[in-house]
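Biologist: Before we discuss any assignment, please show me the model. I shall then ask for the grounds of each term.

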Amino acid sequence: SVAREHFRYGASPRGLQSIVRAARIKALLAGRAHVSGKDLASAALPALRHRVILNMNSEIRGIDIDTLLNEHIESWSQKL
């Protein structure tokens, strides 16, 4: 998986809490009482960007963290 190949440290449980909290706010601002997969996916990058650390090989190769996270988010959001 992308995460196992490139990430040294992943997000803590607080990362998931941040995603859910932001997704709830997005749903409420859109006038909905329920959270959609799109809400979760759009909240994930800002919530996780600063919570993960790349491994040394990925850093040396200059891999962009946003690109990796977007790939990872896209892969799980398709399953929602």
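Modeller: This is a predicted model. The count of salt bridges in it comes to 2.

Biologist: Why is the contact of Asp39 with Arg32 called a salt bridge?

Modeller: The closest N and O atoms of Asp39 and Arg32 are 2.8 Å apart. The rule asks for a side-chain nitrogen of Lys or Arg within 4 Å of a carboxyl oxygen of Asp or Glu, so the pair qualifies.

Biologist: What makes Asp66 and Arg49 the partners of a salt bridge?

Modeller: Their side chains meet at 2.9 Å, N to O, and the cut-off is 4 Å. The pair links distant parts of the chain, 17 residues apart: Asp66 lies in helix H5 (residues 65-77), and Arg49 in the loop between helix H3 (37-48) and strand S2 (53-54). Asp66, at 22%, is partly exposed, as is Arg49, at 38%.

Biologist: How do you know that the length of H3 agrees with its number of residues?

Modeller: At 1.5 Å a residue, the 12 residues of H3 should span 16 Å; the end C-alpha atoms are 16 Å apart, so the two values agree.

Biologist: Which residues of H3 are buried, and against what do they pack?

Modeller: The buried residues are Asp39, Ala43, Ala44, Leu45, Ala47 and Leu48. They pack against helix H2 (13-29) and H5.

Key
Residues are numbered from 1 along each chain as its sequence is written. This is a predicted model: local features need pLDDT of at least 70, side-chain atom pairs count only at pLDDT 80 or more; totals for chains, interfaces and linings use all residues. Side-chain values use heavy atoms; hydrogens and water are left out. Helices (H or I, at least four residues) and strands (E, at least two) are DSSP runs, numbered from the N terminus. Buried means under 20% relative accessible area, exposed over 50%, partly exposed in between (1.4 Å probe, protein chains only). The expected span of a helix is 1.5 Å times one less than its number of residues. Contact means heavy atoms within 4.5 Å.
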